[in-house]
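Student: I have the sequence and the model open side by side. Could you take me closely through the place where the two chains meet, and what surrounds it?

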Amino acid sequence: MLISFIFFTFSLGVPFQNVVLSSERKIDQPKLFTMYRNILALLLLLNLGILLPAANGQEQKKFSISGYVQDAQTGEKLIGVHVYDLKSMKGSSTNTYGFFSLTLPMDSVQLSASYVGFQTWEHALYLNKDMEFNIELASDVTLEAVEVTADAVEQVEEQVQMSRISVPVDQIKKLPAFLGENDVLKTLQLLPGVQSGGEGQSGLYVRGGSPDQNLILLDGVPVYNASHLFGFFSVFNSDALKDVNLVKGGFPARYGGRLSSVLEINMKEGNMKEWHGAGSISTVASRLTVEGPLIKDKASILLSGRRTYIDVLAKPFIKGSFNANGTKGDAGYYFHDFNAKVNYKFSNKDRLYLSAYTGKDKFYFREKDKDFDYNNTIKAGLGWGNLTTALRWNHLFGKKMFSNTTITYSRYKFNTQAEDESTYTENGQSEKEVFGVNYFAGINDLGAKIDFDYVPTPNHFIRFGLGGTYHTFNPGKFDNKNIIESENIHIDTTFGNPKVFGWEFAAYAEDEFSLGDRLKVNAGLHLSAFNVKDSWYTSLQPRFSARYLLPNNIALKASYAQMRQYIHLLSNEGIGLPTDLWVPTTNNVKPQDSWQVAAGLAKTFGGKYEVSLEGYYKQMKRVVSYKEGSSLLTFSDWENDITQGNGESYGMEFFVQKKKGRLTGWIGYTLSWTWRQFDEVNFGKKFPYKYDRRHDLSVVATYELSDRVQLSGTWVYGTGNAFTLGHSRFDAQLPSPFGNTQNYQVQHYENRNNYRMRAYHRLDVNIDFIKEKRWGTRTWSFGLYNAYSRQNPFFLYVDNEYAPNPDGVGSTIDRKLKQVSLFPVIPAIAYKFEF
Amino acid sequence: MKNILFLSLVAVSFSACELTVETDLPDYEKQMVVHCYPSQETFSTTVSTTVGLLENKNPELLEDANVELYENDQLILSLSGNTAMPMDQALTNGQKYTLKVTHPDFEAMEATQVMPNQVPVKKAVYKMNSGVDDFGDQVDVLQISIDDPAGEENYYEFGLFIQQDPNFPDAINYLYPAENNSLGVSVIYSDLLIANDQLFDGQSYTISAKFNSYYHNDTEKYILMWRNITKERYLYLKSVTAHVYASDDPFAEPVGLFSNFDQGLGVFALYNEATYDVEK
């Protein structure tokens with residue numbers, strides 16, 4: 001009971017005080033310390049719940065079975081494997097690192113481990129001492145079901161956590177892909193409660209939240225811009241990924257830092273047994289992944305890369321275009337990703353992982369124009385990218401406690417530059433003129449955290465931990481260069497927003513425990529603090545989820561979660577522009593808060609159909625928006641450009657999923673309302689959020705026609721996005737200094753987002769032809785994005801067309817509302833291989 | 001051939017299309033629009049109407065609207081829309097004025113203003129070549145010292161003029177806040193800067209405005225036109241300025257237009273004006 005002792009020691013002599021659950025006041029450090037002590041005292045109470053049953057059951061000795069579960073073929077650790085005693089039906093699940101611990105009374109035990117896609121492992125033993133088992137599950141080639149569920153074996157009605165979905169990477173690879181590029185984030189958009197921003201976009205809008213309210217973690221490291229090519233692709237290369245988990249409500253205490261969702265993406269660890277690879281060549285990009293043992297069963301490595309080649313293919317045409325204009329030049333765009341991961345197993349108790357991701361988008365333009373007395377060079381570029389690294393150390397303290405210590409670094413930077421340099425030569429004398437601008441922005445994080453999993457009895461699964469992150473925000477700076485030698489002008493200035501530094505801390509504790517056979521609870525507390533300049537903000541966030549089993553195995557679930565967010569994204573709410581700025585809470589900009597309640601029912605019918613129905617209500621405070629009139633193109637002080645207000649979202653989500661058989665897939669439907677209210681926007685009146693979507697429906701299906709042919713399709717329908725559109729025009733009159741006036745024609749609308757675009761719907765289809773070869777497996781994949789070429793709205797504008805009058809005098813304006821649609825039907829071909 | 005097919009596929013993949021949507025716009029009812037900025041010398045009102053967003057015509061003036069001005073609920077002036085007439089009596093500081101506009105085809109419009117008091121300028125100074133702006137260009141600074149009344153919202157409007165010819169003063173274009181952008185905004189195309197006292201309520205304060213040094217001239221006489229304006233005038237000018245800028249910027253957030261009329265659009269706004277010589 002080490003943990004109890006630690007908590008007790010910290011809590012000793014600390015009187016309970018009234019705990020402020022959420023504070024935006026500046027506080028001093030002693031008060032912060034007091035709050036830490038209070039949370040520890042509460043944890044002591046949680047511990048009593050563990051100690052008491054233990055005391056009652058002293059008469060029967062208990063022992064632990066612990067270890068890891070891994071894929072026998074690759075050595076890859078398996079997450080969420082249900083390990084349990086068939087006799088007592090007591091069990092546990094493996095954590096993110098494949099670790100499990102199960103404490104049972106001294107007795108004969110029929111231990112079983114099962115996971116979809118693998119043969120069930122069983123082992124009989126007499127438990128009379130603590131034991132270690134490293135379980136290897138063999139692949140079951142006869143079972144090819146594809147599932148989208150939190151736990152492959154633990155059925156939905158058994159799970160206490162609601163609003164959480166795991167998407168197997170294999171499932172992502174089977175669905176139709178835009179331009180042949182499978183995309184994690186676009187698959188998540190097909191789930192209820194998650195919606196896309198617009199045509200082709202990979203941004204996530206979860207239960208009325210904005211994109212900055214999603215914490216996207218790659219191997220535990222925040223990724224600040226998850227988009228390539230303005231959001232049309234995500235940065236995650238599916239070949240390098242192991243699993244994807246999205247939590248959109250009922251957040252356990254271990255999660256924090258964002259209001260709306262946590263998306264955990266873990267990279268593969270690398271095959272411990274033998275070398276393998278996979279790759280693809282698609283319409284726009286190619287990718288290759290190789291993995292294998294550095295030391296068999298001891299150390300492995302995974303390397304994965306992806307690059308687009310539109311720039312390479314188009315290069316001859318672009319150069320030709322410059323030549324036709326009498327100049328020389330080049331222009332293009334590409335993005336690339338590179339993932340790497342190494343892991344080393346020191347012993348059964350210690351294991352080290354080092355993972356890294358780097359990705360970059362780049363637009364470039366260069367043009368040279370040369371004459372006998374004149375040289376001109378124009379260079380312009382736009383680049384942005386992420387770098388994330390994580391060093392993780394797994395350590396076992398005995399049989400019941402697992403720890404993971406992580407050191408992380410994350411960097412996102414955006415840069416754009418343009419320079420025009422001219423040289424004039426006259427009478428042998430040269431004079432130069434240079435005009436240039438360089439804009440750069442970004443965010444750097446350096447963090448460390450330690451997390452513990454503690455399984456004292458089969459009825460309790462305790463998690464606790466703490467961590468800190470040092471943020472460096474660069475909210476936008478300009479370099480301006482202006483050199484005119486003939487006028488002796490040499491200006492080189494830098495202006496914009498200075499860097500801001502902030503510390504973010506978090507500590508948490510949660511316990512998942514059973515009270516009888518029907519009631520299962522996860523309760524916990526999350527404490528967070530943020531320091532910027534000389535201000536401290538703190539927040540204590542209670543989290544609670546419960547599942548009660550009704551007759552006929554229908555699970556009734558409910559949850560409550562408070563969340564706080566200290567960093568904000570200034571976004572144009574349209575396409576995912578890389579110019580979106582991450583900015584901190586400051587003295588003027590306060591942290592965002594939310595609370596969310598959810599309740600629902602879940603049941604599995606006939607072992608095949610999983611059905612869930614959830615309702616939710618979420619309130620958000622101090623959400624961030626640009627003020628009216630603020631623009632990405634005005635590079636003023638960002639604190640002056642934004643305003644904070646309230647958000648509200650409520651709705652119902654229905655999810656039915658067929659998990660087994662040749663035909664698998666799901667139907668997800670969301671009915672929701674989302675509102676925003678800002679004192680400085682829309683004259684303080686509440687208005688629908690741009691992504692308020694009354695109906696959102698997804699139908700996803702894969703069908704195995706034979707071992708060699710597989711069909712898949714998705715159909716989505718969504719209410720049109722809200723949009724601000726004037727319904728009338730008038731002449732606004734402005735006074736001039738000397739009593740006269742000037743008129744400007746303006747548009748009038750009653751409310752922000754008063755208009756709805758046309759409904760969005762789209763069908764994507766795909767067919768895979770799979771063939772086993774001597775060297776491995778190859779797949780030809782043919783797909784159609786937007787198969788029936790629906791012209792979905794991307795944006796609308798009023799076009800003024802001037803037509804000459806019949807008499808030839810003057811012209812008439814013909815005003816039309818025009819919709820721009822991005823993608824008609826788009827075919828895609830990909831050649832995929834695995835060896 | 002394979003390459004051509006491949007490139008064609010890429011080209012198709014990135015082709016965008018534009019669709020002209022024949023669609024119903026939100027329900028719209030024609031509204032009356034009134035603009036009234038009475039000075040101490042002249043009273044004029046412009047009455048017009050809105051037109052539908054996609055209608056192929058311009059907003060129209062309403063000639064037969066009836067306009068009445070009340071001082072503390074007493075009718076002091078009446079005229080038809082789009083005419084101007086000299087004021088028989090000066091508008092009095094602190095008094096309530098109500099504008100009522102009626103037309104048989106529209107609901108009656110009404111707005112009320114209280115004539116703002118004059119907050120005198122203690123000192124106005126013009127500092128030439130006072131630094132450079134973000135782009136390295138030389139700027140001049142105008143400094144206006146006032147004692148802002150405590151406990152009330154005050155709104156100011158000012159412009160700077162070169163008095164080359166007493167009958168034709170020449171305005172300095174584009175004044176903008178020198179230190180803090182939350183002070184106020186430069187009104188679009190009007191040579192005026194509007195400011196509020198949120199930063200300095202109840203304090204002795206010096207408002208600083210910058211402008212390009214291109215205008216400076218050592219020999220000219222500079223005049224400050226200083227106005228105390230109502231909150232409604234401030235909000236209207238600010239919203240129209242932001243709206244016009246935003247309408248030319250696809251990345252800008254939309255801007256709603258302020259109005260202090262319940263049943264229509266536009267503004268009835270008062271101001272109290274004084275002029276001051278500017279020290280150099």
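Tutor: Happy to! One definition to begin with: a residue is buried if 20 or more other C-beta atoms lie within 10 Å of its own, exposed if 12 or fewer, and partly exposed in between, with C-beta atoms placed from the backbone. This is a predicted model, in which local features need pLDDT of at least 70 and side-chain atom pairs count only at pLDDT 80 or more, while totals for chains, interfaces and linings use all residues. Residues are numbered from 1 along each chain as its sequence is written, and chains are lettered from A and ligands numbered from 1 in the order in which they are written.

Now to the meeting place. There, 62 residues of chain A are in contact with 59 residues of chain B; contact requires the C-beta atoms of two residues, placed from the backbone, to lie within 7 Å. On the chain A side, the elements giving two or more residues include helix H5 (310-324), strand E42 (728-735), strand E43 (741-748) and strand E48 (811-821). Helices (H or I, at least four residues) and strands (E, at least two) are DSSP runs, numbered from the N terminus. E48(A) gives the largest share, ten residues. By type, this side of chain A has 26 nonpolar, 26 polar and ten charged residues. Here Ala, Val, Leu, Ile, Met, Phe, Trp, Tyr, Cys and Pro count as nonpolar, Asp, Glu, Lys and Arg as charged, and the others, Gly among them, as polar.

E42(A) also pairs with strand E4 (residues 51-52) of chain B, in the antiparallel sense and over two bridges. Two strands pair if DSSP finds at least two bridges between them. In this pairing, Ser728(A) stands opposite Gly52(B).

Asn753(A) sits between E43 and strand E44 (755-756) of chain A. Its phi is near 55°, a positive value in a residue other than glycine. Asn753(A) counts as buried because 21 other C-beta atoms lie within 10 Å. For contrast, Asn552(A) also has a positive phi, near 65°, but counts as exposed because it has 7 C-beta neighbours inside 10 Å.

Finally, on to chain B, which is divided into domain 1 (32-114) and domain 2 (121-256 + 272-277), bounds that come from an automatic or database domain assignment. The C-alpha centres of these two domains lie 27 Å apart. Chain B also has an open sheet of four strands, antiparallel, in the order E6-E5-E8-E9.
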